[in-house]
Amino acid sequence: MNKTNTMDYKYHIFAPYRVCPLGAHVDHQHGIVTGFAIDKGVDLWFTPADDGRVHLESRTFEGTVDFDITQASMMKQHNWGDYARGAKYALRKRFALKYGITGVIQGSLPVGGLSSSAAVLIAYVMAFAKANAIELEPFEIVKIASEAEREYIGLNNGILDQACIALGRKDGLLFLDCDSDEYRIIKNNPNLPDFEIGIFFSGLTRSLVNSDYNLRVYECKTAAWNMLAYLDQPLKTFERTYLRDIPKSTFDQTRIAMPRRFARRAEHFYSEYRRVRQGVTAWESGNLELFGKLCFDSCESSIHNYECGSPELIAIYDIMRTLPGVYGGRFSGAGFKGACMAIVNPACKEEIETELTRRYLERFPEYEKTFKVYFVRPDDGARFIQDKNI
């Protein structure tokens with residue numbers, strides 16, 4: 001069934017992209033993070049299918065996806081359909097799935113660094129659950145989608161991306177503890193200046209599975225093992241070892257004894273923990289200047305301690321630091337290619353876009369056709385949309 005008119009479908013899900021202003025690279029170590037869902041994302045229109053078949057088309061990628069939702073997931077096919085198969089995989093561990101879907105999916109920004117993969121997974125989890133009359137709380141969706149990305153897709157992430165996408169609210173900042181899973185929305189202080197979020201796409205695409213993302217996760221765990229071993233403390237299995245479980249005082253005592261690369265990874269974790277705490281206080285008091293400075297400090301640590309960031313991303317970051325109207329910002333997402341995000345004064349958007357574009361393309365003219373600037377606002381998390389005429 002080839003439907004081009006989205007009004008022909010019974011349901012419509014919008015799963016937003018996300019940005020994380022503070023809390024970079026720490027969710028997989030059970031750290032604390034902040035985030036926004038934004039008003040651009042993934043749209044999935046679908047109708048349940050009684051025969052158990054899943055048939056999907058994409059307005060972004062070529063080809064179609066077809067599989068039986070009642071059967072165990074096949075090996076990854078290394079195409080855009082893997083995310084639908086991953087959602088099925090994680091749901092089937094918990095529920096019997098009988099009904100498939102026929103649908104079409106579309107992304108609204110062709111930009112890396114906004115966790116489009118997590119948004120797609122959440123949309124599929126919600127759609128398959130709806131088709132099979134499965135009621136899921138928002139945090140259940142977070143857990144299932146995160147498990148699909150780790151176990152099926154192969155990205156050793158935490159729950160930051162999925163939490164921002166499922167739990168975000170347009171009128172506040174999400175604060176999440178990735179160890180306890182406790183979260184709250186910090187409502188915008190009445191004194192908080194109006195702001196928008198700039199998304200500056202380098203023009204260079206990336207794949208986290210094929211980047212150094214997983215390597216950094218292992219380096220963080222190795223740093224934790226180094227600390228425990230140096231103090232002759234019991235070791236947990238590698239997969240259950242997290243920097244969050246080790247006090248900062250232990251790091252201060254042992255950092256000189258471990259290889260510098262592992263010490264730098266741990267330094268980023270502990271300093272980012274402090275910045276998130278300071279950032280939450282700044283947001284609660286409406287101090288956007290301090291919050292923005294902490295975002296810049298986070299990116300500095302990402303570059304020098306976590307050692308991520310391509311020359312293109314670092315160039316964007318260096319330029320935006322000098323622009324009037326930019327409160328603060330950092331690499332968006334994992335920081336391997338992709339994009340930068342910034343919290344900006346809406347009155348300065350035109351000047352920011354003009355100057356950033358000019359200075360970036362002077363250095364990287366090869367990205368003239370792919371470098372993009374977008375401005376977005378915070379939005380509510382993933383949800384069903386009631387389209388007109390439905």
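Does glutamate 300 count as buried, partly exposed or exposed? At 27% relative accessibility, glutamate 300 counts as partly exposed, where buried means under 20% relative accessible area, exposed over 50%, and partly exposed in between (1.4 Å probe, protein chains only). The model is predicted, so that local features need pLDDT of at least 70 and side-chain atom pairs count only at pLDDT 80 or more, while totals for chains, interfaces and linings use all residues. Residues are numbered from 1 along each chain as its sequence is written, and side-chain values use heavy atoms, with hydrogens and water left out.Glutamate 300 forms a salt bridge with arginine 321, with the closest N and O atoms 3.4 Å apart; a salt bridge is a side-chain nitrogen of Lys or Arg within 4 Å of a carboxyl oxygen of Asp or Glu. This pair links distant parts of the chain, with glutamate 300 in helix H8 and arginine 321 in the loop between helix H9 (311-320) and strand S9 (326-332), 21 residues apart. Helices (H or I, at least four residues) and strands (E, at least two) are DSSP runs, numbered from the N terminus. Arginine 321 is partly exposed, at 38% relative accessible area. Arginine 321 also lies over the face of phenylalanine 296, at 4.5 Å from the ring centre. For such a contact, NZ of Lys or CZ of Arg is within 6 Å of the ring centre and within 35 degrees of the ring normal. In a further case, the charged end of arginine 59 sits over the ring of tryptophan 45, 5.6 Å from its centre.

The structure holds 26 salt bridges. Among them, lysine 293 meets aspartate 297 at 2.8 Å, N to O; both residues lie in helix H8 (residues 288-304), 4 residues apart, about one turn of the helix. Lysine 293 is partly exposed at 46%, as is aspartate 297 at 24%. Aspartate 252 and lysine 248 likewise form a salt bridge (2.8 Å, N to O), and they are 4 residues apart in helix H6 (residues 248-254). A network of salt bridges links Arg216, Glu219, Arg261, Arg264, Arg265 and Glu307.

Aromatic pairs are rings of Phe, Tyr and Trp (its six-membered ring) with centres within 6.5 Å; planes under 30 degrees apart count as stacked, over 60 as edge-to-face and the rest as tilted. The count comes to 20 aromatic pairs. Phenylalanine 200 and phenylalanine 375 form an edge-to-face pair, 6.4 Å centre to centre with 80° between the planes. Phenylalanine 200 lies in strand S8 (residues 196-201) and phenylalanine 375 in strand S11 (residues 372-376), so the pair ties together parts 175 residues apart in sequence. Phenylalanine 200 is buried, with a relative accessible area of 0%. Tyrosine 360 and phenylalanine 364 form a tilted pair, at 5.3 Å and 40°, and both are buried. Ring pairs also link Phe36, Phe195, Trp283 and Phe291 into a cluster.
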